[in-house]
Amino acid sequence: MNFLRHQKCLASIVAVWVLLGLSGCAQTGYYWQSVSGHVKLMQAARPIDAWLADPQASPALKQRLQLAQAIRQFAVTALHLPDNASYQRYADLQRRHVVWNVVAAPEFSLTLKTWCFPVAGCVGYRGYFEQAAAEREAAALRAQGWEVSVYGVPAYSTLGWMNWLGGDPLLNTFIHFPDGELARMLFHELAHQVVYVADDTVFNESFATAVERLGGAAWLAQATPAARDAFAQHDARRQQFRALTRRTREQLENVYMQNEALAPVNTVQAAMKNKVMADFRQAYAALKTSWGGFAGYDPWVAGANNAALGAQAAYDDLVPAFEALFERQGRDWRRFYDAVIALARLPQAERLQQLLSPQVQTTS
């Protein structure tokens with residue numbers, strides 16, 4: 001059960017920089033794996049119509065591709081998301097994840113380590129097309145004292161930069177998601193083509209998650225009863241789990257703030273942190289029991305640490321503020337996007353202040 005499903009535009013934007021010779025020598029190896037991985041993905045993609053006409057393609061795959069086409073059309077007509085080359089092709093990568101992300105945080109902080117890239121700006125993760133390379137990076141960071149999390153990502157967005165080359169394809173890594181989850185994922189990724197602000201991961205991800213949630217609700221309203229029922233059960237668990245992890249982040253932040261003036265090696269702070277994490281796992285065990293033993297979050301809980309919790313926050317923290325902004329714009333999608341674009345033009349501190357202040361009217 002991935003919370004953190006998306007790597008953004010690094011592969012495609014960085015490719016341009018590498019080919020122009022503008023990257024530093026120290027980063028060239030990382031950039032090259034991004035470029036070559038993305039090129040292989042693009043080469044594997046074929047138009048959906050070709051897959052539908054292929055006698056070797058399974059009926060189950062064809063059904064999912066047709067559903068994805070219908071979801072994409074809904075995104076364009078009902079949610080006014082971009083209508084371009086994205087998600088009109090499909091690729092089978094023969095693996096479970098398209099990339100693996102590495103995130104890191106200090107022992108007593110939820111603030112993620114950031115990496116900076118041309119055009120894309122600074123982000124709190126580093127993505128790899130090969131799991132082994134991600135694990136090597138994680139090991140190096142752990143040796144430096146960071147808490148680290150590595151997680152597989154089923155989709156990433158090129159933010160529309162690669163539409164001239166065929167756009168972002170549908171992938172085997174998510175095409176068989178339950179109907180509601182497939183819809184939400186496509187809405188999330190297309191939302192990144194509406195707005196992307198360099199150096200502000202929380203703004204970008206929270207906006208896309210708000211579009212995913214609001215758009216998903218709209219799509220499910222006209223979906224089949226079976227799709228709605230399946231999604232309702234899945235989403236109820238997700239919301240309960242997110243509430244638990246949100247409380248855990250708040251408790252950890254209190255521990256770290258109360259002890260920030262103390263020495264870096266502090267056994268009292270470490271004990272308080274361990275107690276919060278033990279309580280988190282105990283509460284999760286109770287949740288799991290209430291779910292009838294559903295174990296989908298077990299791997300995430302087993303590896304939960306500052307890095308995992310800090311990365312999750314980017315997808316949660318500003319979502320209520322964006323949903324409130326949508327309501328203030330009369331639930332009009334075009335007005336909502338215009339308001340978000342206007343916020344994106346502001347300096348980061350002012351952007352956050354206006355987003356969190358309903359009485360402030362954003363103008364475009």
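A residue is called buried under 20% relative accessible area, exposed over 50%, and partly exposed in between (1.4 Å probe, protein chains only). By this definition Arg213, with a relative accessible area of 26%, is partly exposed. The model is predicted, so local features need pLDDT of at least 70 and side-chain atom pairs count only at pLDDT 80 or more, while totals for chains, interfaces and linings use all residues. Residues are numbered from 1 along each chain as its sequence is written, and side-chain values use heavy atoms, with hydrogens and water left out.

- A salt bridge is a side-chain nitrogen of Lys or Arg within 4 Å of a carboxyl oxygen of Asp or Glu; a search of the whole structure finds 15.
- One of them joins the side chains of Arg213 and Glu323 at 3.1 Å, N to O.
- This pair links distant parts of the chain, 110 residues apart, with Arg213 in helix 7 (residues 201-221) and Glu323 in helix 12 (residues 319-328).
- Helices (H or I, at least four residues) and strands (E, at least two) are DSSP runs, numbered from the N terminus.
- Glu323 counts as buried because its relative accessibility is 18%.

**Salt bridges of Asp316**

- The side chains of Asp316 and Arg242 form a salt bridge of 3.6 Å, N to O.
- Asp316 lies in the loop between helix 11 (306-313) and helix 12, and Arg242 in helix 8 (residues 225-258), so this contact ties together parts that are 74 residues apart in sequence.
- Asp316 also meets the side chain of Arg249 in a salt bridge, at 3.9 Å, N to O.
- Here the loop between helix 11 and helix 12 is linked to Arg249 in helix 8, 67 residues away from Asp316.
- Asp316 and Arg242 are both buried, and Arg249 is buried as well.
- A network of salt bridges links Arg242, Arg249, Asp316 and Asp317.

**Strands 4 and 8**

- Strand 8 (residues 147-153) is largely enclosed by the rest of the structure, because six of its seven residues are buried.
- Strand 4 (residues 99-105) pairs with strand 8 in the antiparallel sense over seven bridges; two strands pair if DSSP finds at least two bridges between them.
- Within strand 8, Gly152 stands opposite Trp100.

**Ser157**

- Ser157 is located in the loop between strand 9 (155-156) and strand 10 (170-171).
- Its relative accessible area is 0%, so Ser157 is buried.
- A polar atom of the Ser157 side chain lies 2.9 Å from the backbone nitrogen of Leu159.

Notes: Polar contact = N/O pair within 3.5 Å; in protein donor to acceptor, adjacent residues only side chain to side chain.
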